[in-house]
Amino acid sequence: MDLMQHYEESPLKLDVASLIDVVFLLLIYFIMTASLIKKEADIGFMLPANVAVEDMQEIPVEVLIEITQDGTVQVEGMRFSFDDRDLEDLVVQVAGLKEIAASQNSPFFVNVLPHADALHRRIIDVMDACAAAGVNSLTFSKSM
């Protein structure tokens, strides 16, 4: 029995009618599903109207003055050595920060953070500098 002869005798046929039916069904399916999707521009929303502006919150301006064990005073990245007893630059710095707080109508606080072994004389120097700058609210914090 020769199998090759059997294949050569029967011609291959492609039924195009069923393929056309499937293509039309797919076309109808995609047309129907595409029309169901809403576009973003069609989505309706309402914007709020006549919204009252809330009062601004007062954020206090707080200055942290650190006094180290050797008597060095640190404020906002500035360092004042133990030899500087008057701390005139500290007075100028604190007074400037107080003016900034006053221009913003914000409360102004100075927080002194002395080291446990800092000399009391140096703490009093810082307190005198704050008084010269016109500070009304001065607090002390425990060293970490």
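I began with Y29, which is partly exposed at 49% relative accessibility (partly exposed lies between buried, under 20% relative accessible area, and exposed, over 50%, with a 1.4 Å probe and protein chains only).

I note that this is a predicted model, in which local features need pLDDT of at least 70 and side-chain atom pairs count only at pLDDT 80 or more, while totals for chains, interfaces and linings use all residues. Residues are numbered from 1 along each chain as its sequence is written, and side-chain values use heavy atoms, with hydrogens and water left out.

**Confidence**

I looked up the mean pLDDT of the protein, which is 82, and 76% of the residues score at least 70 (pLDDT is the predictor's confidence in each residue, from 0 to 100). Where pLDDT is low, the predicted coordinates should not be read in detail.

**Aromatic pair**

I searched the whole structure for aromatic pairs and found 1 (ring centres of Phe, Tyr or Trp, the last by its six-membered ring, within 6.5 Å; planes under 30 degrees apart are stacked, over 60 edge-to-face, the rest tilted). The rings of Y29 and F30 have centres 5.4 Å apart and planes at 70°, so I record the pair as edge-to-face.

**Salt bridges**

I counted 2 salt bridges (a side-chain nitrogen of Lys or Arg within 4 Å of a carboxyl oxygen of Asp or Glu). In one, R85 pairs with D125, with the closest N and O atoms 2.8 Å apart. R85 sits in the loop between β3 (78-80) and α3 (88-103) and D125 in helix α4 (residues 120-132), so this bridge ties together parts that are 40 residues apart in sequence.

D125 also bridges to R122, where the closest N and O atoms are 3.7 Å apart. Both residues belong to helix α4, 3 residues apart, about one turn of the helix.

R85 is partly exposed at 40% relative accessibility, D125 is buried at 7%, and R122 is buried with a relative accessible area of 0%. Leaving out residues up to four places away in sequence, D125 touches R85 and L87 (contact means heavy atoms within 4.5 Å).

**V112 in strand β4**

I located V112 in strand β4, where V112 is buried at 0% relative accessibility. Beyond four places in sequence, V112 touches I65, I67, V126, L138, T139, F140 and S141. V112 and I123 are 11 residues apart in sequence, and I read their C-alpha to C-alpha separation as 8.4 Å.

**Nonpolar patch**

I found a nonpolar surface patch of about 910 Å², made by L14, V16, L19, I20, F24, L27, I28, I31 and M32 (patch residues have over 30% relative accessible area and no salt bridge; nonpolar side chains, Val, Leu, Ile, Met, Phe, Trp and Tyr, are joined within 5 Å and like charges within 9 Å; areas are by Shrake-Rupley with a 1.4 Å probe, and for residues only the protein chains shown count as cover). One of its members, V16, lies in helix α2 (residues 16-36) and is partly exposed at 43% relative accessibility.

Note on methods:
Helices (H or I, at least four residues) and strands (E, at least two) are DSSP runs, numbered from the N terminus.
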